[in-house]
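Please read the following account alongside the sequence and the coordinates.

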Amino acid sequence: MSRLLIVDDEQEVRNFFAYLLRNKPIHLTVASNAAEANRLIQVGTYDAALLDLKLPDGTGLDILRLLKKVHPTCRVVLMTGYSTVKSALEAIRLGADDYIEKPFSDIDELERLIDSLLVPQPLGGHDDRLRIAKEAGLVIGTSHAMNELVSLAWKIARKNVTVLIEGETGCGKEVLARFLHLASMRRDEPFIEVNCGALTETLLESELFGHEKGSFTGALSLKRGLFEVASRGTLFLDEIGDATPSIQVKLLRVLETKSFLRVGGEHTLRTDARIIAASHVNLPHAVATGTFREDLLYRLDVVKLSIPPLRERRADIPLLARHLLDQNDGKNFSFSADALTLMHAYDWPGNIRELANVVKRALALADGDTFVLTSEYLPQALFPVAETAATYSDRSPSLPTVSSPVPQLDRELDTWKHMILTAWNQDGTVSLPEVLTHVKELERIVGEAFVKKALRETLGNRKKASEQLNISVRTLRYLLHEK
Ligand SMILES: Nc1ncnc2c1ncn2[C@@H]1O[C@H](COP(=O)(O)OP(=O)(O)OP(=O)(O)O)[C@@H](O)[C@H]1O
Ligand SMILES: [Mg+2]
């Protein structure tokens, strides 16, 4: 028999649950205040608990903390009035599974919720979450930060609360917004993205709110705005930090009243669109400098999801690279250990978008039969700036340090320099022909490296490659030892 704890100070609520669950195989324990709940938690064990947020002698959050400490596997749902949604979200951060709003409007849903709480959790079972992440193109990875974030996103996706997504450029704000939409009850309705920084103010206004026929020159017909089109779905306001002051005022009004006017319109229209906003600028900072309205930030920031930059979850790079290879027809390709080492050490200012570009570039450079992408296929930026080469006092100031993107060539140059300098420093007899053989050898290695590079850049087109190098196709063949 499952054990359920219910804590609520209202007698009717406790009676209601007793009645609702009377025929279920549930052992119900009730408490009417925090002190009683705390005592019950110390002496008993529970599979699930429903906690009222506001109690005469404490809060549901305190009980939640204690429960999670004493019975970590106990599943918890907070019960709250609408005005306390923010605290309910705080509860989810603290480990609660969900929250429900009182008064209960849908008894069937409540029963389903309780049933689902009491079903034992399959080991490691986040199947639905993973399936939807995959559908949204979201790799969660193994980092703690990202797993926490997606777990929070998953829990609040079904709520209609406004979500604010923060994160550096290219770190996956749009991917996360899609995940939220697909994980919500609105998944079959439209997901509409609008970039608040990409359009002029007038255009953006008519995009968002629509316009009446003839409301301005060029408004030849009535146009429905995105708040209308996305009314049952999700409206993703990207780069909200770039919205002008006048758009900000209008957005604030819609968020407050859920209603708006078309440009040139007289009738108030209602919208039920779920709003997700994203910004790569730090909005509290923008509020401090006066470019973003504080009241709008407050309305948007009901739940904040901050995506960590890629350099703070380097452990996820191999998995992301694998995903991006698969996505770009590179199923048969993989990165070599030395390539992954360089990728791991790099800081990725452009985050996953930059990684995606690096993967696409490597695939474009690969000859048809190269399945292991070594560091040679990575762009210069990923190579650490080379140590200043050993310099000679007589010519040191003029030669800038250039790092080689081809480690093999680098090694050859080092060996070559070493040999020549050893010969030079040798007292007595030196065989010059032998030194010159090394020079010839270097000529061949350098030639071959350039030819291979040109072939990668021209996707294997020998004619183009030889033109690019200003040599004949014959010389090209010679340098490839094809004679
Ligand atoms: N977690 C992830 N798993 C797989 N791919 C991802 C992930 N995050 C981002 N990407 C990929 O990286 C690229 C950039 O992601 P996205 O457009 O969501 O970033 P963004 O934060 O919205 O960037 P910007 O600030 O420039 O708008 C996309 O190609 C996306 O598919
Ligand atoms: Mg984006």
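Asp 52 is buried in this predicted model, its relative accessible area being 6%. Its side chain forms a salt bridge with that of Lys 102, at an N to O distance of 3.2 Å. Because Asp 52 belongs to strand S3 (residues 48–52) while Lys 102 sits in the loop between strand S7 (98–101) and H5, the pair ties together parts that are 50 residues apart in sequence.

A second pair of this kind involves Glu 189 and Arg 232, whose side chains meet in a salt bridge of 3.6 Å, N to O. Here both partners lie in loops: Glu 189 between helix H8 (173–182) and strand S9 (191–195), Arg 232 between helix H10 (226–229) and strand S12 (234–238), so the bridge links parts that are 43 residues apart in sequence. Glu 189 is partly exposed, at a relative accessible area of 27%, whereas Arg 232 counts as exposed, at 58%.

A further salt bridge, between Lys 452 and Glu 448, has an N to O distance of 3.3 Å. The two residues are four apart in helix H18, and therefore separated by about one helical turn. Lys 452 is partly exposed, with a relative accessible area of 40%; Glu 448, at 19%, falls under the 20% cut-off and so counts as buried. Beyond its neighbours up to four places away in sequence, Glu 448 touches Leu 479 and His 481. The whole structure contains 29 salt bridges.

Leaving aside neighbours within four places in sequence, its contacts are Ser 2, Arg 3, Ile 26, Asp 47 and Ala 48.

At the level of the whole chain, the assignment gives domain 1 (2–118), domain 2 (129–306), domain 3 (319–382) and domain 4 (400–479). The C-alpha centres of domain 2 and domain 3 are 32 Å apart. Their contact draws on seven residues from domain 2 and eight residues from domain 3.

What area do domain 2 and domain 3 bury between them? The value is about 620 Å², with 58% of it on carbon and sulfur atoms. On the domain 2 side, Val 139, Thr 169 and Gly 170 lose the most area to domain 3, together accounting for 64% of what that side buries. The interface of these two domains has zero salt bridges, but four residue pairs are in polar contact across it. The domain 2 residues that touch domain 3 comprise two nonpolar, four polar and one charged.

Methods: Residues numbered from 1 in each chain as written. Chains lettered and ligands numbered in written order. Predicted model: local features only at pLDDT ≥ 70, side-chain atom pairs only at ≥ 80, totals over all residues. Heavy atoms only, no water. Domains from an automatic or database assignment. Contact = heavy atoms within 4.5 Å. Buried area = accessible area lost by both parts, 1.4 Å probe. Salt bridge = Lys/Arg side-chain N within 4 Å of Asp/Glu carboxyl O. Polar contact = N/O pair within 3.5 Å; in protein donor to acceptor, adjacent residues only side chain to side chain. Nonpolar A, V, L, I, M, F, W, Y, C, P; charged D, E, K, R; others polar. Buried < 20%, exposed > 50% of the residue type's maximum accessible area, 1.4 Å probe, protein only.
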